[in-house]
Amino acid sequence: MLFDGMVAAQSAAQQPAADTSSAQQQPQVKVNMLNVCTPSAEEQKEIASALARIPKQPLFGSDFEVSRGRSTLTEMPAMLQAGAPGHVAGEPSVASYVRIRREFSVQALFSLVQYSFSNDGQTMVETLVLHVRDPKDLIQVSLEDSASAVTSSEVMLGSNNPVNRVRLERFGKSSVALARCSAAEGGPAPDQSAYEPLFRSASEVLANYRGLLGVKSIVPEELAKIAGTQKSKSSPTSKMRKPPTPQR
């Protein structure tokens with residue numbers, strides 16, 4: 001009986017040590033949370049610097065691309081996450097999209113610019129992404145805006161909707177972002193008046209590239225082609241011929 005008690009005591013004493021060793025072997029998970037509503041003063045300077053480096057009158061190369069299509073959205077789009085307005089249904093939605101890509105000349109800081117417009121029937125989203133040619137610190141700059149309850153893409157593009165989100169992807173560092181934030185549940189909306197110059201500067205960049213890329217004419221035309229394709233598939237136009245009348 002004494003021997004059994006000593007074994008039990010030794011087992012109990014060794015158990016916490018085994019748990020500690022197991023805990024030390026568990027990999028540590030580091031989560032970086034972006035402060036998109038109130039970025040720091042240093043992050044504001046980085047955003048301002050990146051926006052100022054975007055050329056207003058770029059020299060485009062001869063290569064370009066215009067594409068269109070439909071995509072099933074099963075997750076919340078990046079720009080409709082924390083801070084950005086928009087309706088997200090519980091079921092997957094189908095969005096029509098148009099993409100325009102142009103390449104800069106070899107002397108430019110940026111290698112290419114890509115514009116995309118998507119419409120899922122409830123929310124229209126514009127995205128402008130500029131990729132850095134030789135990324136050392138900055139990799140890309142992304143500007144986005146969205147609008148709900150808009151009647152058509154022509155109305156959306158004609159109103160020059162302002163940017164509601166700016167994001168900088170950095171090399172070897174976490175991203176920097178600024179977004180329009182609405183009131184949290186049970187609390188007031190954050191004071192973002194200090195960031196108005198950044199939103200205004202980003203909106204000017206997007207408005208400028210709408211014109212440079214011919215967005216206002218290309219996007220409605222391409223979306224109309226998508227709608228025409230879907231209509232022809234859903235409403236077949238084949239005609240049934242009347243059988244000939246038998247001769248007597």
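First, the ground rules. Residues are numbered from 1 along each chain as its sequence is written, and side-chain values use heavy atoms, with hydrogens and water left out. Since the model is predicted, local features need pLDDT of at least 70 and side-chain atom pairs count only at pLDDT 80 or more, while totals for chains, interfaces and linings use all residues.

Now the sheet. Helices (H or I, at least four residues) and strands (E, at least two) are DSSP runs, numbered from the N terminus. Two strands pair if DSSP finds at least two bridges between them. Here seven strands form an open sheet, antiparallel, in the order 1-2-3-4-5-6-7. Eleven bridges join strand 1 to strand 2, residues 93-104. In that pairing, E65 has R101 in strand 2 as its bridge partner.

Next, helix 2, residues 41-52. Which of its residues are buried (under 20% relative accessible area, 1.4 Å probe, protein chains only; exposed is over 50%, partly exposed in between)? I47, A50 and L51. They cover an arc of only 100 degrees around the axis (taken from the directions from the helix axis to the C-beta atoms), which puts them on the same side of helix 2. On the other side, A41, E42, K45 and A52 are exposed.

What do the buried residues pack against? Strand 5, strand 6, strand 7 and helix 4, where contact means heavy atoms within 4.5 Å.

Definitions and conventions
Expected span 1.5 Å × (residues − 1).
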